[in-house]
Amino acid sequence: MNKRLQIFGKKIKVSHILLTAVMLMIAFVMIAPFLWVFSASLRASYSEATALPPKWLPPVFSEWNLTYYKKLFTGELPFFGFMKNSFKMSTVITIGMVVHGAAAGYAYAKFKFRGKNLMFGLMMIAMMVPVQVTIVALYKIMNLLGVINTSWAVTLPSIFGAMCPGLAGAFGIFMMRQFFLSIPKELNDAAAIDGAGPVRTFFSIMLPMARSTLASLAILVFTFSWNDYFTTFIMINDTDKLSLPVGILSIRQPYVKGNEFAAVVLSIVPVLIVFIIGQKWIVKSMTHVGVKG
Amino acid sequence: MCGAAGAVKRGHIMKKKRTNRREKGAAYLFTLPSFFGFVVFVLIPVIWVVIISFQKYNVFTGASEFVGLKNYLSILNDPRSISALKNTLWYTLLCGIGNTGLGLVLAVLVDDILPAKVNVFFRSIYFFPSLVALTFVAIIWQEFFQTDAGVINYYLGLFGVSKVGWLNSQNMSKVAVLILDIWKNVGMSMLLILAGLQNVDKGLLEAAQIDGANAFQRFRRIIVPVASPQIFFVLIMNITGALRIYESILVLTGGGPGDSSRSLVMLVAEKGFTSFDYGAASALSILLLGLIGIVTLIQFAGSKWWVHYE
């Protein structure tokens with residue numbers, strides 16, 4: 001398999017060409033659904049959209065059928081209401097989790113105090129308890145707090161746990177702690193000698209250093225809460241208060257799929273933009289999470 | 001001299017004490033808000049679910065009464081719960097193994113065989129589905145899985161495979177959910193395992209190659225042991241994730257046909273919030289929590305003999 005071909009003046013192994021071909025095929029499988037839904041959202045009818053053989057590429061620009069997009073943009077369907085709700089809830093959750101995650105993560109990494117191990121241990125155990133297990137009691141608590149059917153019923157529990165897939169709960173704290181553990185203790189000592197108190201050290205020295213981890217955490221939490229279905233589905237009843245993933249299912253109609261295809265496309269676009277901008281951070285932060293389970 | 005040194009030392013200790021006190025104040029200021037949140041939104045709910053699982057809730061009066069193990073006995077005697085449990089274990093096993101195994105294969109492919117730029121390109125594409133909400137992609141895959149107009153059956157047909165009723169056959173509905181789950185999550189597994197592969201000493205691999213170890217032997221003897229902490233972490237993550245499987249089934253099959261693809265979480269949501277049987281829903285939740293607990297214990301126990309930490 002070590003034969004080499006001459007391509008563009010470079011010698012390339014035959015095995016590498018074969019491997020690239022296989023990887024391109026896998027890549028096609030990974031993006032095919034997105035190509036398909038974009039193409040389908042621009043077709044006039046459901047039967048045209050699903051005609052076989054499948055049309056992976058959209059029609060030429062002059063033949064674009066924008067009826068379904070118009071319905072979403074003119075507000076005939078409450079799509080942008082859902083998007084606004086999703087944006088609001090995800091922003092609140094992200095800010096909340098980043099703020100308390102950074103503070104608590106720092107304290108668990110750098111301070112000695114009574115009850116530290118117990119508190120941290122409890123939270124790590126809580127990380128294993130997903131919202132799906134506690135939902136009945138959580139619903140009752142939200143009822144007692146009088147916030148059922150408002151966005152608070154979703155954001156409050158999510159800030160302190162709940163939705164990050166695979167790692168519920170203390171996710172933000174865990175990730176920030178991992179970062180602050182990697183900062184040498186000498187830096188804290190130097191700050192203390194210069195007379196900075198622990199709070200000032202945190203705000204003016206540690207937080208600026210943590211910028212990229214904070215950004216990764218924010219991107220991850222935002223994406224996860226943007227995508228959450230379960231909590232919103234249980235906690236919120238009124239259609240006009242729903243988030244995007246739940247709302248999109250509520251505007252489904254049999255045989256007129258163009259609406260939902262267009263809605264799916266518009267819902268994925270923000271994720272795509274965030275991904276293209278934050279790709280480096282996202283990939284790096286996933287690596288951080290995985291370092292030590 | 002000795003006294004002077006002592007005074008200096010005492011001064012240090014006093015200063016240290018003062019910093020410690022300030023540090024403690026800051027520590028509680030920083031940790032108590034999140035800890036309070038945990039108590040209210042995680043700890044109390046867990047305890048409360050346990051309590052509710054021993055109660056019967058009356059929908060009309062809103063009163064609850066203690067009924068002992070009745071809810072647990074009723075779910076154990078309920079064929080729907082048993083089938084949801086079986087389905088969930090099926091998903092857990094196959095999603096866990098499938099996602100982790102294929103994630104490992106993809107991670108090796110995108111590690112460093114090809115030039116760095118090519119690798120980064122493929123990593124991004126493979127990972128992208130992990131960031132998109134299940135509900136959005138499940139809507140698309142539902143079209144792909146259609147028996148007559150579906151893309152998958154069309155391509156299978158080109159190879160002479162007769163039409164598969166992915167969403168309307170009792171045998172295949174779970175497989176459809178599995179395919180969607182792996183497509184969606186394998187990129188995440190890949191990326192996390194990749195972090196482990198970066199620890200593999202490339203010089204060691206070359207030495208092994210010179211000594212005549214083939215690609216599979218290098219994979220089995222060097223790559224897998226070094227990356228085992230990450231592989232194990234990903235396996236546990238996939239398993240606990242699959243135990244909570246919900247949205248993909250809801251959109252693709254609605255749990256059907258019959259109950260053939262329904263998961264435990266779907267049954268929790270249905271019992272709790274459609275038929276308002278809080279007791280049964282909580283008992284099912286505790287069953288789920290038990291399964292997660294077992295997996296977690298295996299994680300702790302298994303990591304000792306399976307994982308080669310350096």
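Let's start with one residue: Asn237(A) sits in the loop that joins helix H12 (230-235) and helix H13 (244-250) of chain A. Please keep in mind that this is a predicted model.

- Is Asn237(A) buried or exposed? Asn237(A) counts as exposed, because it has 10 C-beta neighbours inside 10 Å, and a residue with 12 or fewer falls in that class.
- In sequence, Asn237(A) and Asn149(A) are 88 residues apart, yet their C-alpha atoms are 5.7 Å apart in space.

**A buried helix in chain A**

- Helix H7 of chain A covers residues 152-159, and seven of its eight residues are buried, so the rest of the structure largely encloses this helix.
- The buried residues of H7(A) are Ala153(A), Val154(A), Thr155(A), Leu156(A), Pro157(A), Ser158(A) and Ile159(A).

**Two domains in chain A**

- Chain A is assigned domain 1 (4-65) and domain 2 (79-290).
- Taken over C-alpha atoms, the centres of domain 1 and domain 2 of chain A are separated by 34 Å.
- Where the two domains of chain A meet, seven residues of domain 1 are in contact with nine residues of domain 2.
- On the side of domain 1 of chain A that touches domain 2, helix H1 (14-41) and helix H2 (46-49) of chain A each supply at least two residues, and H1(A) gives the most, with five.
- By class, that side of domain 1 of chain A has six nonpolar residues, one polar residue and no charged residues.

**Where chain B meets chain A**

- How many residues of chain B are in contact with chain A? There are 75 of them, and they are in contact with 73 residues of chain A.
- Helix H1 of chain B (residues 2-52) gives the most to the side of chain B that touches chain A, with 23 residues.
- That side of chain B divides into 55 nonpolar, 13 polar and seven charged residues.

**The largest nonpolar core**

- The largest nonpolar core has 167 residues, and those with the most contacts inside it are Val264(A), Met190(B), Ile193(B), Leu252(B) and Leu284(B).
- Helix H7 of chain B (residues 173-197) provides the largest share of this core, 14 residues.
- Leaving aside residues up to four places away in sequence, Leu252(B) touches Ala138(B), Trp141(B), Gln142(B), Phe145(B), Leu167(B), Ala176(B), Val177(B) and Leu180(B).

Key. Residues numbered from 1 in each chain as written. Chains lettered and ligands numbered in written order. Predicted model: local features only at pLDDT ≥ 70, side-chain atom pairs only at ≥ 80, totals over all residues. Domains from an automatic or database assignment. Helix = DSSP H or I, 4+ residues; strand = E, 2+ residues; numbered from the N terminus. Nonpolar A, V, L, I, M, F, W, Y, C, P; charged D, E, K, R; others polar. Buried ≥ 20, exposed ≤ 12 C-beta atoms within 10 Å, placed from the backbone. Core = buried A, V, L, I, M, F, W, Y, C linked by C-beta atoms within 7 Å.
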